[in-house]
Each structure stands twice: as C-alpha cells, then as structure tokens.
Amino acid sequence: MIDEKYRRNPENITDFLKKERFRYISKMEFEFEDEKYNEIELCDVVLEIIKSFTDETGEYFIYKIEEKNHQYDVPYLKEKILENFIFDELYILVDKKFNIISILNIENIVEKINLVQDEVKKIENVNLNLKYATLENLKKFASDEDRITKFIKNYRFLNVFLNNLKEKKEEIIIFGNKVIPVSLDVREENGVYIINGKQSYYKLSNSKLKEIFEKEYQRSFKEIVVEYKRLLLQESNITQKVDSLIEISSKDEIRFSKREFLQNFKDY
C-alpha cells in the first residue's frame, strides 16, 4: 500500500519504486490487399533501482529495465528475437518525477547491434527480413545520444509506464519507419483515465500523411484515419494497468491495429 505522504506529494515517486514487475502483451494486425500479418508477443518487464545520487542540480536515480520470459506467436520469429535482444536491458537516468533524462548503456546497445549484424551476415540469405544495412542505420542512429533517448522514450511499453500520462497533450505513434503525431484528450471516470487521440493536423496534415503512405505502397488512398485510445489506471502517478489501442486505416484499402496491455504485479 502506498504511504499517504506519497499521495500528497506525487513528486516522490522514486521513494517507493524499488522493484516492480510488469506483464506486457502486444497484439498487432496488418492488412493490405492480399497481405495479412498478425503477431502476438508477451514478456515480463522488471524495473529495478540500482543507485541514487545528488548533485547541485538535484537528486537523480539509475534504474535497470529488463525484459524476461519472452513468448512469441509471430511470422518472423528470427527477426523478432534479434530485434528484442538489442533493447532487452536498459539503464536509464531519471529525476524524482521519473522523467527520463538519458539512456546510460548506449555503448552496450551499439555492441548488441554489432552482434546481431554478425548473425544476420550468417543467415541473411535464408529469407531474413532484417537486413545488415538496416542495422547499420540503427547503429548510426543509436550513436546520437539525443535521438536514441527520444526513441527509447517511445519504444514499446516505455511510453506507457515511464511518464505521467494523464498530463500529456501529445503522443507519437511509430508505424514502421513513420512517425505520426497525435493530439490527446484526457478525461477521468471513477479513477480511470480515458485518453483519446487523433492525428495532430497542426504538425502533420492528412494530405501529407496520404502522400507518405502512397509513396510507401505505390498507390493512391482515400483519407487516412488515425485513432488512438487508452485506458489508464494510476496510483499516485505510478501506472498500475494500461490498455492501449492504435488504429490506422483507409476504408477497406489498408488497416493497421496494435493493442498493448501493461499490468503491474504487486507481489514480486
């Protein structure tokens, strides 16, 4: 049970976030012409404090986030295992509000990309969708500390439980190599935050989004519709349970949906 003083002062989040285990489930569906793609993935996510320190600017904390016990039902199993290996252990620097300041093991991430590249060179000719050149681009990207930190903040579940989501006004949807900004509307019902979002036309017009899709798939589309829904249960700003859904579609021409669940296991 969270002490009453934390309810009065939600800035003290790190005082009781010592070791937490979350269950993460991701379900994705994609349909385009005769192509259909479905995948289900789940894992445990262990969040553990490593150390804290204070300097002239304030108090800071280092946490480890580790993925364990992966289970997959995906068409491209080799690719998924290799991709997840790269980011399955992260060390992050945060403040007392649990805002991510930086990723501390970037060198380790780059080294993992090198290891995956070595594996890809061995099996790339065996109908592998994960390409050496793609990993080379990821390595260059990862070497830029600011860019990789922003990427990690939106990677998988991190944008679900490492932020004070009920105060967010915008979100970023990552669809393949495309980034779609979304404006959010938040309301509370019986302690549950209901978050709805639609494409931020101020930052990305629908005509521009259509242009991106048409260039990608070499055909014209009707209006692209982007919808974002999330149910969020928090306790003193700490996420306990999330049900998130993203849908991108254009009539019956193309449809992408991704549903993510994250739930805190109290007794770990």
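Where pLDDT is low, the predicted coordinates should not be read in detail.

This is a predicted model, in which local features need pLDDT of at least 70 and side-chain atom pairs count only at pLDDT 80 or more, while totals for chains, interfaces and linings use all residues. Residues are numbered from 1 along each chain as its sequence is written, and side-chain values use heavy atoms, with hydrogens and water left out.

Next, colour the protein chain by confidence: its mean pLDDT is 81, with 84% of residues reaching 70 or more. The lowest confidence falls in helix α1 (residues 4-8), at a mean of 40, and the highest in strand β3 (residues 58-73), at 92.

Now select F32 and F221, which form a tilted aromatic pair, 6.1 Å centre to centre with 50° between the planes; rings of Phe, Tyr and Trp (its six-membered ring) pair if their centres lie within 6.5 Å, and planes under 30 degrees apart count as stacked, over 60 as edge-to-face and the rest as tilted. Because F32 lies in strand β1 (residues 19-32) and F221 in the loop between α7 (206-217) and β9 (225-235), the pair ties together parts that are 189 residues apart in sequence. Both F32 and F221 are buried, that is, under 20% relative accessible area with a 1.4 Å probe, protein chains only.

Definitions and conventions. pLDDT is the predictor's confidence in each residue, from 0 to 100. Helices (H or I, at least four residues) and strands (E, at least two) are DSSP runs, numbered from the N terminus. Buried means under 20% relative accessible area, exposed over 50%, partly exposed in between (1.4 Å probe, protein chains only).
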